[in-house]
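Have a look at the structure first, and then we'll go through a few of its parts.

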Amino acid sequence: MGKQAIFEAERAVKELGLKGLKFEPYRQEFFLNDERFYPLWAKIQELGVPIMVHTGTIQGQGRQHLKYNRPIPHLDDVAADFPS
């Protein structure tokens with residue numbers, strides 16, 4: 001969602017009082033370390049809230065790919081690049 005995702009993250013924290021954000025890469029079908037998402041990670045770091053990410057194996061139905069849930073390198077890269 002590009003800039004809209006950044007806007008919504010900021011609105012959710014500042015206006016709605018969210019304490020963090022949750023991501024499920026296997027459902028959303030994206031790699032955490034895709035640089036298209038780095039502006040979002042930067043905004044979340046600026047807001048000072050944590051993220052929660054589902055990694056590892058998954059349970060459920062449908063077409064879900066484990067490749068999106070690998071903590072290394074995907075989550076590891078983001079944690080290294082956005083340590084706060």
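Which residues does histidine 74 touch, not counting residues up to four places away in sequence? In this predicted model, they are Phe31, Leu32, Asn33 and Lys67. Histidine 74 sits in helix 4, which covers residues 71–81. With a relative accessible area of 9%, histidine 74 is buried, because that value falls under the 20% cut-off. Its side chain and that of asparagine 33 are joined by a polar contact of 3.1 Å.

Now for a pair of helices. Two packed helices are described by the angle between their axes and the distance between the axes. Helix 1 and helix 3 pack with their axes 9 Å apart, at an angle of about 15°. That angle makes helix 1 roughly parallel to helix 3. The crossing of helix 1 past helix 3 is right-handed. Here is who makes the contact:

| Helix | Residues in the contact |
|---|---|
| Helix 1 (residues 3–14) | Ala5, Ile6, Ala9, Glu10, Val13, Lys14 |
| Helix 3 (residues 38–47) | Pro39, Leu40, Lys43, Leu47 |

Sorted by class, this contact has 7 nonpolar and 3 charged residues, with no polar ones.

What covers them? Just after helix 3 comes glycine 48, with a positive phi of about 75°.

Key:
Residues numbered from 1 in each chain as written. Predicted model: local features only at pLDDT ≥ 70, side-chain atom pairs only at ≥ 80, totals over all residues. Heavy atoms only, no water. Axes fitted to C-alpha atoms, helices over the stretch in contact; angles between N-to-C directions. Helix = DSSP H or I, 4+ residues; strand = E, 2+ residues; numbered from the N terminus. Parallel < 35°, antiparallel > 145°, perpendicular 65-115°, else oblique. Left-handed = near helix turned anticlockwise from the far one by under 90°. Contact = heavy atoms within 4.5 Å. Nonpolar A, V, L, I, M, F, W, Y, C, P; charged D, E, K, R; others polar. Buried < 20%, exposed > 50% of the residue type's maximum accessible area, 1.4 Å probe, protein only. Polar contact = N/O pair within 3.5 Å; in protein donor to acceptor, adjacent residues only side chain to side chain.
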